[in-house]
Amino acid sequence: MIRYNEISKTFGKQRVLNDVSLSWDTPGIYGILGPNGSGKTTLMKMLLGMVHPDAGEIQFNGRSIHGQYKYREDLIYLPQIARFPENLTVQEHLALIEQLRGKAPRKQMMIEHFGIGGFLGKSLRNLSGGMRQKVNLVGCFMYDAPVVIMDEPTVGLDPISLIALKELIRMERQAGKIILITTHILEFVEELADEVVFLLEGDIYFRGDLSSLYDQTETTDLEHAIAHILTKKKQTS
Amino acid sequence: MIKVIKYSLSDLLRNRWVWAYVLFFWATVFGLHYLRGDGGQVLVSLLNIIVLFVPLISLVFSLMYMYQVREFIELLLAQPVSRWSIFLGYYLGVTIALGLALVIGIGVPILLVGTGVAGDAWMTLIAVGVFETAIFAAIACSLVVRNDNRLIGFGMGLMIWVFMAILYDGIVLLTMVLFEEYRLEGWALAAMTLNPIDMGRVLVMFRMDYSALLGFTGAVFQRFFGTFSGSIVLIGAFFVWVGVPVWILRRRTLKKDF
C-alpha cells in the first residue's frame, strides 16, 4: 500500500534520508523511531507530498504520488505542532477542515471521545497546548481513512486524553488500518506498536517487531535497545 | 480552490485592517473633495495616493496575512486538495478582499459626491488600483513562499516597493539626461511599461488629457495610447505584470518543501 523506493533527501548540506526503501502493506501500528534530525518527520511529510524527495519514488496503492493529491483522501495526518488560524473558534476551525475535505462522518463522536464539547465556541488563541492538541486530534480523527499518520501525538496530553488516544489507536488497528507513529515517548511505542523502524543518520538501522529488536540488542526494553544502538553507532563511527 | 477563496474571503472581510483601509479611502476622498471641490483635482490628488500607497499597502498586508496563513499551511497541505489551489485560493482571496475594499473605498464616496470629470477617468483610476493590488499581492505571496524568515520577506518586499515607487523613476530620468541627444520616446514608453506604478500613473493622466504636460514625449504617448493596438499593449502589459509574479508563485509553491 505504501512504498518508498530508494528515497534520498538533503536539506542544505545535511543529508536527511539516504537511499531509503521501505514499505507497509498490512494493517498494524508502526512506530518510526530515531534521534532528532534522523529523518522521521521528513519521511512522513514525503508521504503527504509536503516534502519532495531528491531521488527515488513514493507509491501509494501502487501509484506514484508525485504531483497527485486525490490519494490523500485515504490518509489522515496529525502534525507535530498544532498551529491554527488564531482568529477562529474551535467550531469554525473544524468547519474549515470540513469545507476543504468534505463532511466529517465522525466529528461528533470524536468531540465526545476527546471531551472538547465544552470549548467549541472558544477562540483557538486562548487554548492551552494540551487543549490545542485535542482539537488537533479531533480534526484528524473525525475522518475515517485507511492510513493514519501521527507525528508526536502525545504532546501536551493529560493522562485521561492519553488513555483516550491509545484506545482510539487500538480501535483503528482493529478496523484494519495502517497507523504510522513517530514519537519520543518510548513507552507509548512499546505499548502499542506491532513493529518499529529505527532511523539513524538517514538510514534504516532496524526494522522488525520489538522482540527481534530486544534479541538483536540483547536488551529487554526499548529504552535500553535504543541506547545500545546509539552507543554501538558511536563506537563504530 | 473556490473553497479556499471562500474561506479566506470570509476571514479577510472580518479583518479590521481591511475595513480601516476602506475608511482611509472614504476619509481621503471626502477630505479632498471638501478641500478642493473640483472632481478633477480630487482625482489627480488621489492618483498619487493610488499609485504609491495601494502597492505598499497591498504588499505589506499580503505579506502579513500570508505569513499568518503559513503557520497552519501544514494542516491544509495534508488534505486532498492540490497545493497550488491552496496558494492560488489564498492569493485570490487577499486580492479580491483588498480590491473590493478599494472599489468600495473610492466608489461609494464618488457616487455620493459626483465625479466632476469624465467618469471613465475614475473608472481607469479604480481599475489601475485593482491591478496594482493584484500585482503587489502576487509579489508578496511569492516572497512568503520563498522566505521562511519573515524579516527577510518583509525586507525584500519593502526594497521592491522602494525600487519601483522611488528609485526606478530616478534611474529612468538619469538615462534620459545622459542620452538626451538621442531619440528617447521609444525608451520612455518601454521604461514605463517595465514598471506597473509608472504605467498606472501615465494611464490615468492620459485619460484626463494631461498629456500636454509631458511635452513631445507626451505627444508620442498620446499617439500610442490613442490607437487600438496601443491600448491592447497597455492592457496586455498589466496582465503580464500580474501573470509573471503569479507564475513565479506557482513555480515556488510546487517546488517548496513544507
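Two residues are in contact if their C-beta atoms, placed from the backbone, lie within 7 Å. By that criterion, 16 residues of chain B are in contact with 17 residues of chain A. The model is a predicted one.

**Contact between the chains**

- On the side of chain B that touches chain A, helices α1 (2-12) and α4 (73-77) of chain B each supply at least two residues.
- The most is given by α4(B), which contributes four residues to that side.
- Sorted by class, the side of chain B that touches chain A holds nine nonpolar, two polar and five charged residues.

**The six-stranded sheet of chain A**

- An open sheet is formed by six strands of chain A in the order β6-β7-β8-β3-β9-β10, and its pairing is mixed.
- The edges are taken by β6 (75-78) and β10 (203-208) of chain A; each has a single partner strand, so one side of each is left without a neighbour in the sheet.
- From one strand to the next, the twist averages 15°.
- Helix α8 (residues 222-236) of chain A packs on this sheet and touches β3 (28-33), β9 (195-200) and β10 of chain A. The direction of α8(A) makes about 25° with that of β9(A).

**Pairing and side-chain directions within that sheet**

- The bridge partner of A:D151 in β8(A) is A:T182.

**Strands β1, β4 and β5 of chain A**

- Strand β1 (residues 2-11) of chain A pairs with strand β4 (residues 55-60) of chain A in the antiparallel sense, over five bridges. In this pairing, A:R3 stands opposite A:Q59 in β4(A).
- Strand β4(A) is joined to strand β5 (residues 63-64) of chain A by two bridges, and the two run antiparallel. Here A:Q59 stands opposite A:S64 in β5(A).
- Strands β4(A) and β5(A) make a hairpin with two residues between the strands.

**Residues with positive phi in chain A**

- A:N61 lies in the loop between β4 and β5 of chain A. The phi of A:N61 is near 55°, which is a positive value in a residue other than glycine.
- A:N61 has 12 C-beta neighbours inside 10 Å and therefore counts as exposed, the cut-off for that class being 12 or fewer.
- A:E152 lies in the loop between β7 and α5 (159-174) of chain A. The phi of A:E152 is near 50°, again a positive value in a residue other than glycine.
- A:E152 is partly exposed, because 19 other C-beta atoms lie within 10 Å, whereas a buried residue would need 20 or more.

**Residue A:M109**

- A:M109 is found in helix α3 (residues 107-113) of chain A.
- With 14 other C-beta atoms within 10 Å, A:M109 is partly exposed.
- A:M109 and A:P146 are 37 residues apart along the chain, and their C-alpha atoms are separated by 18 Å.

**A helix pair in chain B**

- Helix α5 (residues 83-113) and helix α11 (residues 228-255) of chain B have axes that come within 9 Å and cross at roughly 140°.
- The two helices, α5(B) and α11(B), are therefore oblique to each other, as only an angle over 145 degrees would count as roughly antiparallel.
- The crossing of α5(B) and α11(B) is right-handed.
- The residues B:R83, B:W84, B:F87 and B:Y91 in α5(B) meet B:L249, B:R250, B:T253 and B:L254 in α11(B).
- By class, five nonpolar, one polar and two charged residues make up the contact of α5(B) with α11(B).

How values were computed. Residues numbered from 1 in each chain as written. Chains lettered and ligands numbered in written order. Predicted model: local features only at pLDDT ≥ 70, side-chain atom pairs only at ≥ 80, totals over all residues. Axes fitted to C-alpha atoms, helices over the stretch in contact; angles between N-to-C directions. Parallel < 35°, antiparallel > 145°, perpendicular 65-115°, else oblique. Left-handed = near helix turned anticlockwise from the far one by under 90°. Nonpolar A, V, L, I, M, F, W, Y, C, P; charged D, E, K, R; others polar. Pairing = 2+ DSSP bridges.
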